[in-house]
Every structure is written in structure tokens, then in C-alpha cells.
Number of protein chains: 2
Amino acid sequence: MIPYSELTPVELEKQMEAERERFEAYKKAGLKLNMARGKPSTEQLDLVSDILTIFASPEDCFVDGVDARNYGELSGLQCAKNYWAELLGCQAEEIFVGGNASLTLMYDTISKAYTHGLLRSEKPWCKLDKVKFLCPAPGYDRHFLVTESFGAELITVPMLPTGPDMDLVEELVKDPAVKGMWCVPKYSNPDGYTYSDETIGRIAHLKPAAPDFALMWDNAYCVHEFDSAFQPFADILTLCREAGNPDMVYEFASTSKMTLPGAGMSCLAASKENIAYLTKLIGVQIISYDKMNQLRHVRFLQDKAHTLKLMARHGEILRPKFQTVYEKLQKEVGGLGIARWTEPKGGYFVSLYAMPGTAKRVWALCKEAGVILTGAGATYPYGVDPEDSNLRIAPSFPPVHELEQAMDVLCCAVRLAALEKLLEK
Amino acid sequence: MIPYSELTPVELEKQMEAERERFEAYKKAGLKLNMARGKPSTEQLDLVSDILTIFASPEDCFVDGVDARNYGELSGLQCAKNYWAELLGCQAEEIFVGGNASLTLMYDTISKAYTHGLLRSEKPWCKLDKVKFLCPAPGYDRHFLVTESFGAELITVPMLPTGPDMDLVEELVKDPAVKGMWCVPKYSNPDGYTYSDETIGRIAHLKPAAPDFALMWDNAYCVHEFDSAFQPFADILTLCREAGNPDMVYEFASTSKMTLPGAGMSCLAASKENIAYLTKLIGVQIISYDKMNQLRHVRFLQDKAHTLKLMARHGEILRPKFQTVYEKLQKEVGGLGIARWTEPKGGYFVSLYAMPGTAKRVWALCKEAGVILTGAGATYPYGVDPEDSNLRIAPSFPPVHELEQAMDVLCCAVRLAALEKLLEK
């Protein structure tokens, strides 16, 4: 393949004609494919069908003397705390067990920061003139939206293969209006980068001017390797404690991509003081999250070793899908000098960086041909990618043969948009 | 029995001696009984054991083309909306299906009013100097706490057997700082009163000065008769719409006291405009509540007729417990002129009005003898009963023989506290 930059205008025109013809053919095929959301496939959900029949009789609903069916146990069943503590490498006293969505726990943390203040807040954030939040980007659109919805100013921090640009972060946190940072530290959404030990160390040692700086540590893919053995990962709670920042961090995780996305179990991990403070506030809104679902999960997932075996089976289903993405990209746009992409070994996403100024056009072309991608720009604060380059590929849901079709369309769109761009100059 | 008011001081002294002796005997018995919370009994939970085995295989998880296991369907499964609409007498489009706690939906409604404002708010409540909330009392402590936790000023409205004192409510809502009112319209907590048609009509026709006045209509006991057939109840959404107040009302309900208190299904019912507005805000915090639990409940409860059959079985378990309370009160303190109480035919609570100025003392005496009651005063804003008279009895959890013991202790405490009071004058 010859890089487009080495082609003459006439050759580019010819290429474009060929791409447009191919594109029209895709359009005629009437495809209806979706690579927009990190949604586990039906095949993955079928892996966990035994969780449907965990309870056979009332006796099964008791654990450690607690009837999981009834009211009580605000912060969660002890066995669920133990499970999460082992998985995350923290202590059971540092766990609050939530409902079916870790997003809700994140939202509630920010919401309570606004209405009541966090443990170390001088006042509720709604009483402040200005709240700023650091958003390593590209990142997770739903994170950014939570803080945006409360009126915080989102500050973009470039994502590097080692994690957020820490030189910049260390500068930015000197501003007392900077109240926190969103992080997906392992297999980041969408790049699939895992923060380096150095980055994590520097994060733990941050000296933010805001006493209530909230490190929102969304460990969504903590055991989600699909192409390697489990990669051990530092316990951020321990690191923050050792760095003298015990109350700075709020870690989140869930089983959404281990068991059932719509009916999983989530957790918040934080210092005992934070857990005590937040539990008191959460006690006003709920008597306890669904303990039956907590018990169902602990009985099914058992422990870390057993969970990793399940995750390996998820990985077997996911691996060929990601490989399809990597191979198609290599074959169809590699060497043209118009795109680069990441090739993570875990998580749920691939970042594709199309020629700057073409991501929106690629997205629109794909849509025209029946392939739905996450909106171009969605991975940046306010939905605006300054380079108009990043596209998030979520290959988990479609079967491989559909994915191949979808990737053909996407690659065609990447080429076509690049050619249009090059020829308009 | 002779009323205490007709006894001479010497006779009262004698009575007190006898009561104290009896009380000491109770203390020695080392009881450990709890009538504090409206907690269904284990026998009731065992009624619904078939809900544990609703799902046998992956195929069971599909409904109307939706895979309940996966992400999606923010406002809930259609079948769950249909279920609630039939139960409450509203339309399916007026339903948002929540998680295992209607309290969370209530909290979130108030929380969003503070951080974002409600549909008709001029600004978020956190930007206002003053927010006041009407609290018919005695009422539900957790309701009051929600608004108190956000800094609202709680205004007590006397509860009458027909519902809140509407003359007063109609006056109070002329103050634009009055932003809403808590209601448990059927078998109110703790009196067990059902609002009269006149009261409900006047509520629907309120003309609050605040455009975003929030009628918090907690229909917690909508099908919870234990000593009569189901009592049909007006749909407040229709009444408010007909009165020109379509967006004033937020109705809440849950299956906590139909199936499993720790793992039920909740709902919010409101105008389509309110549902659309709140769904957009809720979409920032969750992808959907637990749809597996929604489907589990719809399959188990089926429809209103089937639900009422189940509720009749709950009633058979609850009825003897409430009768024990009524009979003990009649036998042990009736005719002494020192206490009155309510005798509801549904719901979960009985209000006992001890001699004014003695409720705290009664509570402390009971505790001393191993009987836990809801804190005296808890049923009033800020936990302060101006009469120090009301005690909430929750007879659902203990078996009848324990309840008899607990009621003996309570009645003894009511008499003893009254005698102490009469003799200190």
C-alpha cells in the first residue's frame, strides 16, 4: 500500500472514485450493524446462566445469619465486601456494595459533593462559584457527562499511552477550583491504555490545592484481560494512604461485564473514613441495595480465582473480535498514512485515530451505510474532539462475521473521508 | 377499669407500686423484642419463594424482544410499566421503573430539585435562600429526613383521620418558599389513616404559589389491606391533571412489602412531561435499573388480580398480629383515660398516643425491658413530637407470641409512665 501523501492529485481522484463506488455498494447492502457501546454479546451472557438458578429455596437466602431477602445491611453483605476486597486488593472495611450500576455510585458521589460536600469539603460544591474537573481525553463520555450535568468546567488532559499527562495534571491541581479527576486506570476507555506504575505513583502523590479533591478511579476493567493472563494491578487505596492522601480516592468497580450488564453488582472502595461518611449520607436514600443480587453474585463468582477463570472464558469470546478489528485496520488502512489505532489486550474498546478533521465525516459515512459508531467527539469533554480524529470502536456485541462487514465499511469510510479531505485542499 | 383521673393520690401510688413490680419482673425475663420497623416477617417472605426460581434458562430472560440481562431500557421494561399502571390506575407512559427502593426514587427527585430543578422550577432549589416542605405529622421519619438532609425547613401539618389538615395546607402553599408536601395517602405511616375523597380532591386542586410544588405521594400501601377486601383508591395523576395541576404530583410505590423488602421493584408515576424530564436527568446516573428483577417480578406477580390474591395471604399473616395489638391495648390500657390508638385495616403501623409528656419515658422503659420501639418523636419533623405522646407500633415482624409479650411490656410502660407523670404534679 502506498501512503496517500505520495500520490498525485490525479491518483487520489482515481482512488476516491474507487472508494466511492465501493461505498455505494455497501450502502446498497442495507447493513444494520452497531459498534457503539461496550455491550457484552449474547454468547457472553450465556456463559453465566448458572447465576439464574442460584436460589432454589428460602434457606438459600441466608448468609452469616442475615436474611438477604429482608431489609437491612446498608453497606452491603459482609461476603460481598470480602469478595470485592479480594478482587481489588483492598480491605473489606473499605468497601460499600451498591446496586446494579457503578455509574450510579459515581454519580451519587459527585451529587453529594454538590449538595452536602465530601468528607474534607469546606462547603458543598453548589455553594462555590466555580468547580473544575480534570478529564483525561479521549475518555468515557458518561464520566464527563456526570460532572458536566452539575455545571463543572471540564478540563481536557491529554491521554498518553502511560496514562494522563502528569506534568499537566500536577500543574492543574494547584488551582483550588480543580476538585477532581476521572480515571479508567486499566484498559482505559477508549484507548485501552493501562496507566504505568510511574503515573499511578504520581497520581497517589498529588498535592491538590483543594482539600476535597476527588480522584474518581473507575476500575471498570480490573479483571478484563482478553488476550493475556490477569495483569496484577496496584491497590490505589494503599498507594494513596501511603502517600498521605488516604481520603482522596474513590474507586469503583462492577460485575456488569463479568455477569449480567443489566443486573450486576457494583462497589465503591474508599478509606474507612470516607465509607463511614458516605454511608451516613447514603442511609438517607436507601435501606440497602439489593442484597439478594449481592448474594447471588458471591455464590456464583465465589472468589478472585474463580472469577478469573470466568473472565478467561469471556476473553476467548472477545479475543477474535478484537483481532478482527486489528487485522482489518492493518489490512485496509495500514500503510496509507491516514490513521493509527490502539491494540489493547483487555477492556472493551479500541481507539481509532482517523486523519485529523475527518472523524465526524467518517461517522456520518458509516451511519449512511448502516454502521453505528459512538458519536465522533463523544470521547472528549463537551463532545468536542479538537482534532476531530478519534473514533471509539466497541467490537464486543456483534458476531465476528458482522464485525468484518462493519469494519470493511468503517475502513472504506476512513479512506474516503481522507481522500475527500486531501482533495479539498 | 377505672380511669386514673378518678383515683386518689394514695390509690395512684398503690397502682404505681404494682406496675413497678410488674415492670421489674419483665426486666428479669431478659426479653429481646423489636417492634421498631415495618419489616415483613419470615413467614411472609416464605410466601413468595417461587420468585426465586422464575428464571431457569437464558430464554426466560427475553421479553418483548428485549434481553433483560443486557444494557438498555432506561425507563424500565414495558411489561413492568404495564404492571404498575394497572396497579395504580394510571397510564404506562406515566411510569418510570426503579430499583429495589422507592425511597431512592423519592430522594433522587428531591436531590434533582436541589441540583437541577424540577420541570417547572425557575432555578435549582440549592440557589434559593429558603425551601420549606410540608410534613403531615405524625408521618414517616425517612420522608422528613430526606428533605431535612437538604436543608429544607420542615413545617408540621397535623394529621387528621381524613388526612392532612387541608385548611392549614391551603394557607401554607400560598408561601412560594413552600415547595412540596410528603403524603402517605393510604394507610398512612404511622396512623394507618386513608385520606378521604374530600382531602384528596382538595390536594389535587391546590394552588401553590411555587410553580414547582412537589406533591410527594408515597402510595406505599396501595394494595396492603390485611383486614378487608382491596379498597379502590383514586388515581392522583388523573385528579391532578383534571384539576389543572398535571405536573404537581410524583407518586411512588414498590413491591417491598409484596415480595422481598431487600430486593423488590419500585416505580415513580408522574405526568408524561415529568417522566420525560426526569428520565433525561436519571439517564446521567444509570443505564437502566435491574431489568432482570423487573422481569422476575412481573412474571411472579403477573397482574393486579394475581397480586391481590398474594396480598390476601400476607393479610392472613398480618391480621392476627394487628388484632393482638388492638386487643392488648384495649385490655391493658383501655378505659384508664391515659392513651388512645388507631386501629387500621391495612398498612404496617399502629399509632399509640400515650399520655402527653410520657412517650419518651415509655420508649425508655420499653428499652430497659428489652422491647425496641421506633424512637419517640421520630414520627415528627426533626424528631420532636410537641406533645411527646405518639409511639409507632410495627407489629409485622415478631411472631404473635412474642408480640403478646412485647405488648404486655409496652402497656405496662404506658401505665407506669402515666402514673409517674400524674404523681409528679
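Predicted model: local features only at pLDDT ≥ 70, side-chain atom pairs only at ≥ 80, totals over all residues.
**How the copies meet**

- Both copies use the same surface: 98% of the contact residues of chain B turn up again in chain A.

**Nonpolar cores**

- The largest nonpolar core is made of 132 residues, and A:Trp84, A:Leu215, B:Trp84 and B:Leu215 have the most contacts inside it.
- There's also a second, separate core of 72 residues, which includes A:Ile110, A:Ala137, B:Phe144 and B:Ala152.
- Back to A:Trp84: once you set aside its neighbours within four places in sequence, its contacts include A:Gly89, A:Ile95, A:Val97, A:Met258 and A:Cys267.

**Cavities**

- You can find 12 cavities of 30 Å³ or more in this structure.
- The largest cavity holds about 280 Å³ of space.
- Its lining counts 24 residues, with A:Gly99, A:Asn100, A:Tyr289, B:Gly99 and B:Asn100 lying nearest the centre.
- Helix α10 (291-301) of chain A and α10 (291-301) of chain B each give at least two residues to the lining of the largest cavity.
- Sort that lining by class and you get 14 polar, 8 nonpolar and 2 charged residues.

**The largest pocket**

- About 550 Å³ of space lies in the largest pocket.
- It is lined by 31 residues, and the closest to its centre are A:Tyr140, A:Arg142, A:Lys257, B:Tyr71 and B:Ile287.
- In chain A, α4 (102-115) and β10 (249-254) each supply at least two lining residues, and α4(A) gives the most, with 3 residues.
- The lining of the largest pocket splits into 14 nonpolar, 11 polar and 6 charged residues.

**The second largest pocket**

- This one has a volume of about 470 Å³.
- Among its 27 lining residues, A:Tyr71, A:Ile287, B:Tyr140, B:Ser256 and B:Lys257 are the closest to the centre.
- Helix α4 (residues 102-115) of chain B provides the largest share of the lining here, 3 residues.
- By class, the lining of the second largest pocket has 12 nonpolar, 9 polar and 6 charged residues.

Note on methods: Residues numbered from 1 in each chain as written. Chains lettered and ligands numbered in written order. Heavy atoms only, no water. Core = buried A, V, L, I, M, F, W, Y, C linked by side-chain atoms within 4.5 Å. Buried < 20%, exposed > 50% of the residue type's maximum accessible area, 1.4 Å probe, protein only. Contact = heavy atoms within 4.5 Å. 1 Å grid on protein atoms, 1.4 Å probe; cavity = no way out; pocket = protein on both sides within 12 Å on 5 of 7 lines; lining within 4 Å. Points joined across faces, edges and corners; volume = space filled by probe spheres on them. Helix = DSSP H or I, 4+ residues; strand = E, 2+ residues; numbered from the N terminus. Nonpolar A, V, L, I, M, F, W, Y, C, P; charged D, E, K, R; others polar.
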